[in-house]
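Please work through the exercises below with the sequence and the model in view. Each task is followed by a solution in steps.

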Amino acid sequence: MASISDEIEAYIRHLLAQSEDGVIEIQRADLAGRFDCVPSQITYVLMTRFTPERGYLVEGRRGGGGGIKVLQLVTESEEIIEAISGLESIDQTRALSIIERLYEAEHITDRERALLSAAMRRDVLNIGLPERDRLRARILQAMLTMLLRPKEAN
């Protein structure tokens with residue numbers, strides 16, 4: 001049985017999929033009423049599951065009863081490589097979120113997602129912090145640069 005957070009996330013993703021431009025405006029109170037929960041539950045879902053690492057931007061709007069704008073970010077392979085090239089360190093959660101976003105955007109296959117995810121795990125990178133997060137960033141950069149480079153460069 002799905003949790004209320006899973007249901008709220010699925011509903012917001014559905015609304016975004018129906019949107020022509022990947023942007024929706026929602027009211028916290030309306031969603032809370034729809035799912036019979038408190039508005040802070042809606043905020044929790046938006047802040048934890050609709051992050052930039054997962055390909056979303058959430059903007060709160062003052063006034064108007066808690067209006068919130070959710071934008072689905074569009075990212076091309078070159079932009080992803082450029083964004084990660086400056087990473088000096090990254091934790092496991094953020095790395096896995098980036099990998100999941102790439103998979104959902106069909107930039108990588110399910111097998112590539114599994115391989116990348118396995119390489120990012122803290123039990124695999126069995127060294128202390130902060131070196132572990134630095135090593136994870138270098139591995140992620142190298143693997144994604146190779147996977148996302150133009151086909152003609154292979």
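The exercises that follow concern a predicted model and go from the overall fold to single residues.

**Exercise 1. Overall composition**

Task: State how many helices and strands the protein has, and give the order of its elements from the N terminus on.

Solution. Step 1: the protein holds seven helices and three strands. Step 2: read from the N terminus on, these elements follow the order α-β-α-α-β-β-α-α-α-α. Step 3: among the 154 residues of the protein, 32% count as buried. Step 4: of the contacts with a separation of 6 or more, 59% come from residues 24 or more positions apart.

**Exercise 2. The sheet and the helices on it**

Solution. Step 4: the antiparallel strands S2 and S3 (residues 67–72) are joined by five bridges. Val58 has Val70 in S3 as its bridge partner.

**Exercise 3. Helix H1 against helix H3**

Task: Classify the packing of H1 and H3 from the angle between them, and name the residues that meet.

Solution. Step 1: the two helices pack at about 70°, and their axes are 10 Å apart. Step 2: angles of 65 to 115 degrees count as roughly perpendicular, and H1 and H3 are therefore roughly perpendicular to each other. Step 3: the crossing of H1 with H3 is right-handed. Step 4: H1 contributes Ile4, Ser5, Asp6, Ile8, Glu9 and Ile12, which meet Gln41, Ile42, Tyr44, Val45, Leu46 and Arg49 of H3. Step 5: sorted by class, this contact has seven nonpolar, two polar and three charged residues.

**Exercise 4. Helix H7 and its two partners**

Task: Decide whether H7 is roughly parallel or roughly antiparallel to H6, and do likewise for H7 and H5.

Solution. Step 1: the axes of H6 and H7 come within 10 Å and cross at roughly 165°. Step 2: angles over 145 degrees count as roughly antiparallel, and H6 and H7 are therefore roughly antiparallel to each other. The crossing of these helices is right-handed. Step 3: in this contact, H6 supplies Glu112, Leu115, Leu116, Ala119 and Met120, while H7 supplies Arg136, Ile139, Leu140, Met143, Leu144 and Leu147. The residues comprise nine nonpolar, no polar and two charged.

Step 1: H5 and H7 pack at about 10°, with 11 Å between their axes. Step 5: angles under 35 degrees count as roughly parallel, and H5 and H7 are therefore roughly parallel to each other. Step 6: Gln92, Ala95, Ile98, Ile99 and Leu102 of H5 make this contact with Arg136, Leu140, Leu144 and Leu148 of H7. By class there are seven nonpolar, one polar and one charged residues.

**Exercise 5. Arg136**

Task: Is Arg136 buried or exposed, and which residues does Arg136 touch?

Solution. Step 1: Arg136 belongs to helix H7. Step 2: buried means under 20% relative accessible area; Arg136 has 1% and is therefore buried. Step 3: leaving out residues up to four places away in sequence, Arg136 touches Ile90, Asp91, Gln92, Ala95, Met120, Arg121, Arg122 and Leu125.

**Exercise 6. Backbone exceptions in loops**

Task: Locate the cis peptide bond, and say where Asp36 and Glu106 are found.

Solution. Step 1: recall the general rule. Most residues other than glycine have a negative phi, and most peptide bonds are trans. Step 2: the bond from Leu129 to Pro130 is cis, with omega near 0°. Pro130 is in the loop between helix H6 (110–120) and helix H7 (131–148). Step 3: Asp36 has a positive phi, near 50°, and is in the loop between H2 and helix H3 (39–49). Its relative accessible area is 73%, so Asp36 is exposed. Step 4: Glu106 has a positive phi, near 65°, and is in the loop between helix H5 (92–104) and H6. At 69% relative accessibility, Glu106 is likewise exposed.

Key:
Residues are numbered from 1 along each chain as its sequence is written. This is a predicted model: local features need pLDDT of at least 70, side-chain atom pairs count only at pLDDT 80 or more; totals for chains, interfaces and linings use all residues. Side-chain values use heavy atoms; hydrogens and water are left out. Two strands pair if DSSP finds at least two bridges between them. Helices (H or I, at least four residues) and strands (E, at least two) are DSSP runs, numbered from the N terminus. Buried means under 20% relative accessible area, exposed over 50%, partly exposed in between (1.4 Å probe, protein chains only). Axes are lines fitted to C-alpha atoms, for helices over the stretch in contact, and angles run from 0 to 180 degrees between N-to-C directions. A crossing is left-handed if the near helix is turned anticlockwise from the far one by less than a right angle, and right-handed if clockwise. Contact means heavy atoms within 4.5 Å. Ala, Val, Leu, Ile, Met, Phe, Trp, Tyr, Cys and Pro count as nonpolar, Asp, Glu, Lys and Arg as charged, and the others, Gly among them, as polar.
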